[in-house]
Amino acid sequence: MVADISFSIGSPQGARTVSVSYKRIGAGEPLLLLHGIGHHWQAWGPVIDILATERDVTAMDLPGFGISSPLPDGVPYDLESVGSVLGGFCRALGMERPHVAGNSLGGLLALELGRSGLARSVTALSPAGFWNERERRYAFGALRAMQTGARSIPVPLIERLSRTAAGRAALTSSIYARPGRRSPDSVVAETLALRTATGFRQTLTAGRDVLFTHDMGDVPVTIAWGSRDRLLLRRQGVRAKRAIPGARLVRLPGCGHVPMNDDPALVARVILDGSRG
């Protein structure tokens, strides 16, 4: 069941209200799941039930994505601000230092929560922030093109394309290595989520100068990269390992940028192993 929660961020004198949608399932130590830019919590659909056998799992729509409200006017979509929102979200749900797993933008945010002492472990799947400038421009250009395409295709055509493996590949092959495995309903929903993501452009703008080079202290970190990631190339995983020497670097054979769909069992195992550290 999907729920909504509102909470305040900022000082008492300048408090702002944020509203977030999320799904919570399972029992055990808390695990927070963070999706990538333009996506929604349903990106975790292929693995959430597996994770819930051992964890109290919360998958959220980041502010400005899915059905969560955008950030209040004047609040930027940068690491510091969104990290503060995530901390407020965890407090509102009574989750003290959850394990955090994230993909792409969500992976970068997971690392930020670990750096800030708000996560007890971090598993980052193809996290943003370990690119060189050429790779960043390529990724941002591809992302803009994806949203432009999602906005330009009429909804009836999106629905028609989703009914065939070739059509699902046309819509989602930039993020999945095996797009034919995604259900038609899921492809339609995530294409519409990309189309309507109010935080998309502001997040890209805030990410132009991001390079993650921070010390993670004693927080256990797992970095995992799909061997068929076409958006953030897998050599960025080697850079991530150099930037965070204590991290465990895991290869995800046959997986694309959003690996949860491509190999749910492997991704769930990597996340569970990472949260046992």
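These legends describe close-up views of a predicted model. Local features need pLDDT of at least 70 and side-chain atom pairs count only at pLDDT 80 or more, while totals for chains, interfaces and linings use all residues. Residues are numbered from 1 along each chain as its sequence is written, and side-chain values use heavy atoms, with hydrogens and water left out.

**View A. Strand β7 and its covered residues.** Helices (H or I, at least four residues) and strands (E, at least two) are DSSP runs, numbered from the N terminus. Val-221, Ile-223 and Trp-225 point one way from β7, whereas Thr-222, Ala-224 and Gly-226 point the other way, and all are buried.

**View B. The strands paired with β7.** Strand β6 (residues 121-125) runs parallel to β7 and is joined to it by four bridges, where pairing requires that DSSP finds at least two bridges between two strands. Within this pair, Leu-125 stands opposite Ala-224 of β7. Strand β8 (residues 248-252) also runs parallel to β7, through five bridges; Ile-223 has Leu-249 of β8 as its bridge partner, and Ala-224 stands opposite Val-250 of β8. Together with helix α9 (residues 235-243), β7 and β8 make a right-handed β-α-β unit, meaning that, with the strands pointing away from the viewer, the path from the first strand over the helix to the second runs clockwise.

**View C. The packing of helices α6 and α7.** The axes of α6 (residues 165-172) and α7 (residues 184-196) come within 11 Å and cross at roughly 25°. Because of that angle, α6 is roughly parallel to α7 (angles under 35 degrees). The crossing of α6 and α7 is left-handed, that is, the near helix is turned anticlockwise from the far one by less than a right angle. Arg-168, Leu-171 and Thr-172 in α6 meet Pro-184, Val-187, Glu-190 and Thr-191 in α7, contact meaning heavy atoms within 4.5 Å.

**View D. The surroundings of Arg-120.** Arg-120 lies in the loop between α3 (105-115) and β6 and is partly exposed, with a relative accessible area of 27%. Leaving aside neighbours within four places in sequence, Arg-120 is in contact with residues including Glu-29, Glu-96, His-99 and Pro-220. The C-alpha atoms of Arg-120 and Val-221 are separated by 9.5 Å, although these residues are 101 residues apart along the chain.

Terms used: Buried means under 20% relative accessible area, exposed over 50%, partly exposed in between (1.4 Å probe, protein chains only). Axes are lines fitted to C-alpha atoms, for helices over the stretch in contact, and angles run from 0 to 180 degrees between N-to-C directions. Angles under 35 degrees count as roughly parallel, over 145 as roughly antiparallel, 65 to 115 as roughly perpendicular and the rest as oblique.
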